[in-house]
Amino acid sequence: MANTISIEGEVRNEFGKGAARRMRVAKQIPATIYAGGNEPVFVKLPMRETTLALRRTNALFTIKCGDKSKMAVVKDVQRNPVKRIVEHIDFYEVKAGEKIEVDVPVFAVGTPKGAAVAFVDIQQLRVRASVDQLPERIDVNVDGLQDGEKVFAKDLNLPEGVEFVNTDPEESVVTVEIPEDATATTAVSAEDAAAAGAEGEEGAAAAEGDAAAPAADDAAADADKK
């Protein structure tokens, strides 16, 4: 479920690329907190602590600025395309108990039977839940499933209070199958084994022929002597 993270921020009054550059030099990240139709709040947050917190999916933030605090979730993160440093964050203010829609990543857990592999058909599922119950991930158990089996949306057990948004219950979420390259490798191995067997038989026959030739020559020589 959602991780509640408290961060100490500061209200910012500087804007533009120059101001953002100075903040990053000072190990701070410029951010904006949007609140529906109200005026957004502009803040700056500690870079290291905030960057680490962003690793958690659908985390619930409590951002403190002086004697005021706002509860918010991440709306968008802008990163440097080369260095991948966080350059700006957009938050959306929420209230305790409020229900919102979020995208949740899907993971296959467990080991299918034999050479079968689990493939995630839908990387993310959209759900609706209370802000204090937002799931970080959806785990799909594939332990023991066989080639050709599927796990559908209707088969998933969501946490209490969490519901799908615009998801077809009959939609395949995870498919278990043997990869084509594994099948090809098995076929090639079988062919190699058959070829090796054939070569072995030919070799044995040739060896028998080579062994028989001297015996025939000896028999012919004995006949000439007589």
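A patch of negative charge on the surface of this predicted model brings together Asp121, Asp147, Asp168, Glu171, Glu177, Glu180 and Asp181. Patch members have over 30% relative accessible area and no salt bridge, with like charges joined within 9 Å. Of these residues, Asp121 sits in the loop between strand E9 (117-120) and strand E10 (124-130), strands being DSSP runs of E with at least two residues. Its relative accessible area of 40% makes Asp121 partly exposed, the class between buried (under 20%) and exposed (over 50%), with a 1.4 Å probe and protein chains only.

Residue numbers start from 1 along each chain as its sequence is written. Local features need pLDDT of at least 70 and side-chain atom pairs count only at pLDDT 80 or more, while totals for chains, interfaces and linings use all residues, and side-chain values use heavy atoms, without hydrogens and water.

Turning to salt bridges, the whole structure holds six, each defined by a side-chain nitrogen of Lys or Arg within 4 Å of a carboxyl oxygen of Asp or Glu. In one of them, Arg22 pairs with Glu14 at 3.3 Å between the closest N and O atoms; Glu14 is partly exposed at 41% relative accessibility. Another joins Asp139 to Arg137, with the closest N and O atoms 2.7 Å apart.

Glu170 and Lys154 also form a salt bridge, 3.2 Å from N to O. Because Glu170 lies in the loop between strand E13 (163-164) and strand E14 (172-177), and Lys154 in the loop between strand E12 (150-152) and E13, this pair ties together parts 16 residues apart in sequence.

Note on methods. Patches are made of residues with over 30% relative accessible area and no salt bridge: like charges are joined within 9 Å, nonpolar side chains (Val, Leu, Ile, Met, Phe, Trp, Tyr) within 5 Å. Accessible areas come from the Shrake-Rupley method with a 1.4 Å probe; for residues, only the protein chains shown count as cover. Lys and Arg count as positive and Asp and Glu as negative; His and the chain ends are not counted. The place of a charge is taken as NZ of Lys, CZ of Arg, CG of Asp or CD of Glu. Helices (H or I, at least four residues) and strands (E, at least two) are DSSP runs, numbered from the N terminus.
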